[in-house]
Amino acid sequence: MAGRLSFANITALAPMVRVGTLPMRLLALDYGADLVYCEELIDIKMAQCHRLENEVLQTVDFVAPDDRVMFRTCEKEKQRVVFQMGTADPDRALTVARLVEKDVAAIDVNMGCPKEYSTKGGMGAALLSNPDKIEAILRNLVIGISVPITCKIRILPSLEDTLTLARRIEKTGVAAIAVHGRFKDERPRHPVHCDYIKAVAQAVSIPVIANGGSLDLVKSHGDIKAFKEATGASSVMLARAAMWNPSVFRSEGPLPLDDVMIQYLKYALRYDNHAFNSKYCLCQMLRDKVESVVGKRVQAAQDNSELSAAYGLEEFFSETQAEIQARRNALRSQDQCEADLITMDGDVTTMALKFQRREYPPQLTPKMFLLEWSRRQKIVQPTYQTVQRAQDRAFQSTVTVENRKYRSSLWEKSKKFAEQASAVVCLRTLGIPEGRVGEENGKSVHKRKIEDEHDVDEDKRKKHIIKADGDEESSRL
C-alpha cells in the first residue's frame, strides 16, 4: 500500500512549528511542492482530540477537549499531506496514527527536533540516543497503519553511528528517511554536512530526503537540483527557504513577496486560520521589511479583519465571512430540521442534535430547566447515564425522567455537553422550554437560581453567626 505515494525525486515543504498549518501547506502545493508536512504535533495532545468534519469550512478538524483545533486539513491536500508527530511511545504513536490515517497521505515521526519542547519528553532528537525505541515506534506504525510511514532524523557525531542508525531504520519497513544534515547541538547558522547525507543515501535503498540547505545552498528553485546533487539524495525538503517565500517551489522562478503574502492571507481567511498564527507567518515572510508600513500594520493587527486591511483585502474578507456565515446558517437550518425528528431506539427516545452552548444564556442550561420542571411536577429528579466511545473518546448520555429515557443520537466532545444534549431531547419531546436565548420562560428559572443562591448565602451567614456566638460563649467559660 505504501507504493501509492512515492518519496523519490520530490520536493517537500518541511515540518515547521507554527508555519506548517493549512494555509502555508496549500500555498506550497500551488507553487509546485510535491508533498507538504504539517508542523510537529505531540502525541499526548493529539490522542485527546476527536475528529470533526467541519461542513462550514469543508475541512476535517482534530479538536482538543478545550475546543482548540490541533490539526486542520482538507480534500485538496489529502493525497499529499504528511502528518508529523512527536512521540516517544510506540502504543500512543499508533493511537494517534489511527486517528488521522484516513485523512493524510503518510505519517512521519520527528526524530530530529533539538528544541526543549520536543526533547524534554524523550521525543525529537532525544530519540537519536535510543535506537531501540526508534525501532519499536516505527515497527509498530508500519505494521499497524495503512499509509506510508517515514521519519526525520539529524546526523550523529559519528558517521559510522549515523549509518548504523539509518540501516536500522530502513529495516523497520519505512518508506523513506529525511536527514537534516546537522548535529543535535548545531543550529541553522552552522553549515550543513552534505557529506553525511550523501553517505546515508549510499548506505540505504529507500529514498533519502535531504534537509538543512536553506541558508547555504538553496535560495531559489534552481538551487534545489544543486543541493540534491551535493547530497546524493533522492529528494529535497525545504524549511526556511519556503517559509521566507513559498514560491521557491516554482520552477518558473519566485513571485514578488507581496503577491505571495496576499495569496497566503486569502487561504488563511478562507479556512479561518487563527489570526495570530497568520500574523506570525506573514512576519516570517516580511523578514527585514517587518518595520515597513505594512509590517507595522501586520504586527499591530489583533484579528483577521485588521490583517486583511493591512493588505487591502477588506472586500475579500467581507465576502469570505459572508460565505462562511451563509454555509453556517444553511447547515443550522438543516440540523434543526433533522433535530426535530423524533425516533425510537428500543425504549429510548432519540433526536439527532448537539448541545450548542452559545444558544443559551451564560447562567442557564437545559439541565437546569429539566430539573426545575421536575421539581414543579413533584417527580423524581432526572438521572443521567453517560458512556464514552473508545475510538475518539466522544460521549453520549441518556437521561431518565419518569421511567422514560431520552438521548441524542449524536456524540459529544465532553460528558457535560452529552448530558445537556440528552436534556434538550427530553425537553423538546415533552414540549417544555429549554432556556434558549429569547425564551420568555427562562426568567423564572433564572429567578429561582438567584433565590437558591441567596438562600445558600443566608444559611452560611446564619451558621457563621451561630459559630461566632458559640466561640464567644466558650471564651467566657
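**A chat about the predicted model**

Student: How much of the protein chain is buried?
Tutor: Buried residues make up 48% of the 477 residues in the protein chain. Keep in mind that this is a predicted model.

Student: OK, and how many helices and strands are there?
Tutor: The protein chain has 17 helices and 17 strands.

Student: What about contacts, what share comes from residues 24 or more positions apart?
Tutor: Taking the contacts with a separation of 6 or more, 65% are between residues 24 or more positions apart.

Student: And what does the outside look like?
Tutor: The protein chain exposes about 23,500 Å², and carbon and sulfur atoms supply 50% of that.

Student: Let's pick a helix. How well does the span of α10 agree with what it should be?
Tutor: Helix α10 covers residues 257–270, and its 14 residues should span 20 Å at 1.5 Å a residue. Its end C-alpha atoms are 20 Å apart, so the two agree.

Student: Which residues of α10 are buried?
Tutor: That would be L257, V260, M261, Y264, L265, Y267, A268 and L269.

Student: What follows α10?
Tutor: D272 comes after α10, and its phi is positive, near 50°.

Student: Now α11. Is it mostly covered or mostly uncovered?
Tutor: Mostly covered: 9 of the 12 residues in α11 are buried. They are A275, N277, S278, K279, C281, L282, C283, M285 and L286.

Student: What covers them?
Tutor: The cover includes α1 (22–30), α9, α10, α12 (293–300) and α13 (304–310).

Student: What span should α11 have?
Tutor: Its 12 residues should span 16 Å at 1.5 Å a residue, and the end C-alpha atoms of α11 are 16 Å apart, which agrees. After α11 comes R287, with a positive phi near 50°.

Student: Where else is there a positive phi?
Tutor: K378 has one of about 60°, although K378 is not a glycine. E402 has one of about 50°, and E402 is not a glycine either.

Student: Why point that out?
Tutor: Because most residues other than glycine have a negative phi.

Student: Where do those two sit?
Tutor: K378 is in the loop between α15 (366–377) and β15 (383–388). E402 is in the loop between β16 (395–401) and β17 (404–408).

Student: Is K378 buried or exposed?
Tutor: Exposed, because its relative accessibility is 77% and the cut-off for exposed is over 50%.

Student: Switching topic: what's the volume of the second largest pocket?
Tutor: About 670 Å³. Of the 28 residues lining that pocket, P15, M16, V17, K115 and A239 are the closest to its centre.

Student: Which elements give two or more residues to its lining?
Tutor: Those are β9 (149–154), α9 (240–244) and α11 (275–286). By class, the lining of the second largest pocket has 12 nonpolar, 8 polar and 8 charged residues.

Student: What about E77, buried or exposed?
Tutor: E77 counts as buried because its relative accessibility is 0%. You'll find E77 in the loop between β6 (69–73) and β7 (81–86).

Student: What is E77 in contact with?
Tutor: Leaving aside neighbours within four places in sequence, E77 is in contact with L22, R25, L26, L29, V36 and R72.

Student: Last one: where is D223?
Tutor: D223 is in helix α8, residues 221–231. At 23% relative accessibility, D223 counts as partly exposed. Not counting residues up to four places away in sequence, D223 touches L217 and V218.

Note on methods
Residues are numbered from 1 along each chain as its sequence is written. This is a predicted model: local features need pLDDT of at least 70, side-chain atom pairs count only at pLDDT 80 or more; totals for chains, interfaces and linings use all residues. Side-chain values use heavy atoms; hydrogens and water are left out. Helices (H or I, at least four residues) and strands (E, at least two) are DSSP runs, numbered from the N terminus. Buried means under 20% relative accessible area, exposed over 50%, partly exposed in between (1.4 Å probe, protein chains only). Contact means heavy atoms within 4.5 Å. Accessible areas come from the Shrake-Rupley method with a 1.4 Å probe; for residues, only the protein chains shown count as cover. The expected span of a helix is 1.5 Å times one less than its number of residues. On a 1 Å grid over the protein atoms alone, a cavity is a set of points where a 1.4 Å probe fits but cannot get out, and a pocket is an open set with protein on both sides within 12 Å along at least five of seven lines; lining residues have an atom within 4 Å of a point. Grid points are joined across faces, edges and corners, and a volume is the space filled by probe spheres set on the points. Ala, Val, Leu, Ile, Met, Phe, Trp, Tyr, Cys and Pro count as nonpolar, Asp, Glu, Lys and Arg as charged, and the others, Gly among them, as polar.
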